[in-house]
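Colleague: I would like to go through this model with you. Let us start with the ligand shells.

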Amino acid sequence: MAEPKPVSPETRNFLLSVGTGTLDWCMQCGFCTAVCPWRLAGGRLGTYFNIRRIQRLAQLGVEGFDDEEALFACTTCALCEAHCPRRVEIVANIRALRGILVEAGFVPQHLDPIISSLYANGNPWSGPRARRLDWARDLRLPRFERDTEYLLFVCCTSCYDPRSQRIARSVVRLLDSAGVSFGVIGTEESCCGDVADKVGAGEAFRQLALSNIRLFQSKGVRRIVTTSPHCFVAFRDRYPALGGEFEVFHYTEVLLERVRHGALGFARRLSERVAYHDPCYLGRHGGVFDAPRELLGVVLTAPLVELAWVREVSHCCGSGGGRLWAETPKGQRLGELRVSDALARGARVLTTACPYCVMTLEADCFGLGQQENLQILELGELLASCCI
Ligand code: SF4
Ligand code: SF4
């Protein structure tokens with residue numbers, strides 16, 4: 001029989017002091033573990049990762065809450081929070097617990113180069129700063145000036161990843177067609193810091209955020225439109241505490257407003273069966289569920305295909321909270337569940353509104369050998385293909 005572990009009030013008090021303030025609200029009902037999408041994925045994480053247990057160990061200050069494999073399994077999708085009867089801030093607790101390990105130098109192997117690159121290059125992809133605008137090489141891209149309405153902030157992934165660059169280019173085409181006053185800053189920008197924040201690299205996040213806040217303030221930025229929901233939530237929810245108060249929008253919100261005012265129209269409509277995957281950070285974290293659906297309603301001739309888990313209880317693609325860089329064995333990936341669900345409902349296109357989701361769902365669709373049967377498209381790409 002395993003030896004009982006000693007309860008440590010000192011450890012418990014330390015954990016509470018570093019930001020796990022809502023741990024005490026937890027009554028150990030286990031809803032969070034029951035609804036966690038890892039339960040459906042099967043494999044090792046499906047049984048090994050137990051968010052209720054992590055929180056119980058931390059509540060008591062008992063050793064084991066710092067189990068690296070379990071702690072860094074969470075995608076920070078917040079589905080558990082949506083079900084928690086005590087409104088425990090589970091994602092904030094995970095972030096704080098991870099922070100203890102990361103700040104002590106115990107960085108998981110897959111995150112080491114990511115955090116190093118954030119410090120060295122201001123992005124997680126080891127991309128040179130000077131090439132941050134390469135995605136726009138042949139575009140007529142306006143620079144942000146003091147009288148520009150929106151700063152267009154392009155996610156690092158869409159700056160450096162060739163597949164993802166198509167997303168940024170599509171969003172620029174749409175904003176342009178809609179007559180939006182927007183401009184970019186470019187090479188002086190740094191990553192929004194979402195990944196640093198969620199993996200517990202608090203100092204990296206603080207440095208990235210302060211650098212952006214100073215830059216945006218010096219340029220006179222008031223409104224920001226983002227291509228990624230992760231930047232959207234980081235700017236809106238995390239920057240104000242560091243002095244960065246901006247009006248922040250995801251591009252789907254800006255486009256929908258233009259469609260409603262007749263400033264953006266589409267020449268072509270699509271007859272394919274299209275399903276929409278709610279990105280966790282646009283939906284649950286960001287509160288934007290309707291704008292993407294309303295935009296799809298304008299260009300689709302058939303009703304939108306809704307997946308089994310949608311809107312507030314949507315399931316995660318598996319790439320948030322630093323998991324984009326983690327290796328999950330084939331057959332146990334969360335994105336595979338979304339792809340299989342879309343296929344089972346007869347969809348031919350699975351669209352979403354997040355660069356991370358696109359990257360993950362496309363890889364998992366390919367991994368399942370279904371790339372001929374299901375196309376993964378970012379919503380901006382789909383809408384731009386219907387433009388005049
Ligand atoms: S659902 Fe909430 S109260 Fe229940 S075990 Fe999870 S964190 Fe605790
Ligand atoms: S945030 Fe998502 S992945 Fe993490 S424990 Fe909650 S439901 Fe599971």
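Colleague: Which helices each supply at least two residues of the shell around ligand 1?

Modeller: α2 (31-35) and α5 (51-60) do. Helices here are DSSP runs of H or I with at least four residues, strands are E runs of at least two, and both are numbered from the N terminus. This is a predicted model: local features need pLDDT of at least 70, side-chain atom pairs count only at pLDDT 80 or more, and totals for chains, interfaces and linings use all residues. Residues are numbered from 1 along each chain as written, with chains lettered from A and ligands numbered from 1 in the order written.

Colleague: Which residues come nearest to ligand 1?

Modeller: C26, C29, F31, C32 and C84, out of 14 around ligand 1. A residue counts as near if its C-beta atom, placed from the backbone, lies within 6 Å.

Colleague: What makes up the shell around ligand 2, by residue class?

Modeller: Twelve nonpolar residues, two polar and no charged. Nonpolar means Ala, Val, Leu, Ile, Met, Phe, Trp, Tyr, Cys or Pro; charged means Asp, Glu, Lys or Arg; the others, Gly among them, are polar. C36, I51, C74, C77 and C80 come nearest to ligand 2. α7 (79-83) and α8 (90-103) each give two or more residues to that shell.

Colleague: Why does the radius of gyration of the protein chain agree with a compact globule?

Modeller: The rule is 2.2 Å times the number of residues to the power 0.38, over C-alpha atoms. For 388 residues that gives near 21 Å; the chain has 21 Å, so the two agree.
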